[in-house]
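Here is a friendly briefing to read with the model open beside you. Take the topics in any order you like.

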Amino acid sequence: MSLRTLMDTRSKLVIGLMGGTSADGVDAVLVRITGWGLDTRVEQLAYVSIPFGDEVRARILDIAGGGFGGSRELGRMNALLGRLYLDACETLCRRAGVALSDIDLIGSHGQTVYHQPVSEEYLGREISATYQIGDVSILCERTGAPAVSDFRVRDMAAGGQGAPLVPYTEYLLYRREDQDVALQNLGGMGNITFLPRGGALSEVVAFDTGPGNVLIDAAVERMSGGTLRFDEGGRLAAAHPVSGPLLAWLMEDEYLRLAPPKTTGREKYSQGFLEILYRRAGALSLTEGEVLATVTRYTAETVAYAVRHHLPRLPSILVAGGGGSYNHTLLAHLRELLPELQVAVNEDLGLDGDAKEAVAFAILANEAVHGICSNAPAATGASHPVVMGKISQ
């Protein structure tokens, strides 16, 4: 379908693809999107989450860690991820009973392997940079549908931090006239969006709160000798005490006190951060279980700190999403730290928390096709609204 025809089509079948900083796989969702802009309506038709094999995940994390890989490695991983994303699209369409050729549009976030939101000196110039890989040309070739990718870079060109990306879609889908709503994503990183009751997009506040699952997952992998990727239900953390001294040390993290707009990633909460963390834990004679319990509490503390210090006011409800929303220990900590709020999950609202971010990139792709600005400058720090995403066809 040509872009002109697509622009004139009010109802579209759109696939959204999301690869998070945990690098554990790709989420794929099929939605029917009707309209665009403030008239957008979304119906979820099918969702799948396809895990990466251990070798693929390890290689992605090596590349994202910055100490491994060059142009050859990046080029090969870019192509491999394109094929893995295509596999996910094919699985998704089979589940939905839809032919690949029926897909009108694809939106893919890709896999972040580098994100430096704050300008630094490089070869005589001050630059910021972000890099997501996963070749969408492979998707276009197989489906015949246009694909939108590389969403972050235009916001950064306009002086923004290229994150968070989802406040616009959250504004479309979650805003209420009578209630302040906060949405806390707990993916690899944590990010929050504050939707003021009856407010405009320009009033939305959004930023990264700090680590989401990244430290928890790393602690689980270390504790299990690599046999586990995450703490299912938070059961492992629940079996161990939180270390007050280690938690106090973690809470000295300067990122927490930075005022929004701000964003972070694996570049900060990296292997180097973990090595320092475990050295500190060793000096305190802590067990690996105590480290896991403490970083789980720390993750909740970062969210509570953000809510109390960086939002305009306390929201009525905090809706947790992402993989961390299934960690009952983490949610229990949040409820203890924020007793004034209703701490809920997407499923409490009748929504699919697993698919939330993939849905966002389906919507952002639709907005890009219609030339609609979809960043939130108040959240990213960009100097003006921009159309996010590059269109391949």
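## Backbone, packing and a pocket

Ala-23 sits in the loop that links strand E1 (11-19) to strand E2 (25-34); helices (H or I, at least four residues) and strands (E, at least two) are DSSP runs, numbered from the N terminus. The model is a predicted one, in which local features need pLDDT of at least 70 and side-chain atom pairs count only at pLDDT 80 or more, while totals for chains, interfaces and linings use all residues. Residues are numbered from 1 along each chain as its sequence is written, and side-chain values use heavy atoms, with hydrogens and water left out.

- Most residues other than glycine have a negative phi, and most peptide bonds are trans.
- Ala-23 is not a glycine, yet its phi is positive, about 55 degrees.
- With 1% relative accessibility, Ala-23 counts as buried; buried means under 20% relative accessible area, exposed over 50%, and partly exposed in between (1.4 Å probe, protein chains only).
- Leu-123 also has a positive phi, of about 50 degrees, although it is not a glycine.
- You will find Leu-123 in the loop between strand E4 (105-122) and strand E5 (125-133), where Leu-123 is exposed, with a relative accessible area of 72%.
- Ala-163 and Pro-164 are joined by a cis peptide bond with omega about -10 degrees, and Pro-164 belongs to the loop between helix H5 (152-157) and H6.
- Another cis bond runs from Pro-260 to Pro-261, with omega near 5 degrees; Pro-261 is in the loop between helix H10 (254-257) and H11.

**Helix H6 against helix H14**

- Two packed helices are described by the angle between their axes and the distance between the axes.
- The axes of helix H6 (residues 167-174) and helix H14 (residues 356-369) come within 9 Å and cross at roughly 100 degrees; axes are lines fitted to C-alpha atoms, for helices over the stretch in contact, and angles run from 0 to 180 degrees between N-to-C directions.
- H6 and H14 are therefore roughly perpendicular to each other, since angles under 35 degrees count as roughly parallel, over 145 as roughly antiparallel, 65 to 115 as roughly perpendicular and the rest as oblique.
- On the H6 side, the contact (heavy atoms within 4.5 Å) is made by Tyr-168, Thr-169, Glu-170, Leu-172, Leu-173 and Tyr-174, and on the H14 side by Lys-356, Val-359, Ala-360, Ile-363, Leu-364 and Glu-367.
- The residues of this contact of H6 with H14 divide into 8 nonpolar, 1 polar and 3 charged; Ala, Val, Leu, Ile, Met, Phe, Trp, Tyr, Cys and Pro count as nonpolar, Asp, Glu, Lys and Arg as charged, and the others, Gly among them, as polar.

**Helix H7 and its surroundings**

- H7 packs with H12 at an angle of about 170 degrees, their axes 9 Å apart, and that makes H7 roughly antiparallel to H12.
- From H7, Leu-215, Ile-216, Ala-219, Val-220, Arg-222 and Met-223 meet Glu-288, Gly-289, Leu-292, Val-295, Thr-296, Tyr-298 and Thr-299 in H12.
- The contact of H7 with H12 brings together 8 nonpolar, 3 polar and 2 charged residues.
- The buried residues of H7 are Val-214, Leu-215, Ile-216, Asp-217, Ala-219 and Val-220.
- These buried residues of H7 pack against strand E8 (189-195), strand E9 (205-211), helix H8 (235-238), H11, H12 and helix H13 (328-337).
- After H7 comes Gly-225, with a positive phi near 65 degrees.

- Thr-302 is in helix H12 and, at 1% relative accessibility, counts as buried.
- Apart from neighbours within four places in sequence, Thr-302 is in contact with Thr-209, Pro-211 and Leu-256.
- Thr-287 lies in the loop between helix H11 (271-283) and helix H12 (288-310); at 41% relative accessibility, Thr-287 counts as partly exposed.

**The second largest pocket**

- About 580 Å³ of space lies in the second largest pocket.
- On a 1 Å grid over the protein atoms alone, a pocket is an open set of points where a 1.4 Å probe fits, with protein on both sides within 12 Å along at least five of seven lines, and lining residues have an atom within 4 Å of a point.
- Grid points are joined across faces, edges and corners, and a volume is the space filled by probe spheres set on the points.
- Of the 22 residues lining this pocket, Leu-61, Ala-218, Glu-221, Arg-266 and Gln-271 are the closest to its centre.
- H2 gives the largest share of the lining, 6 residues.
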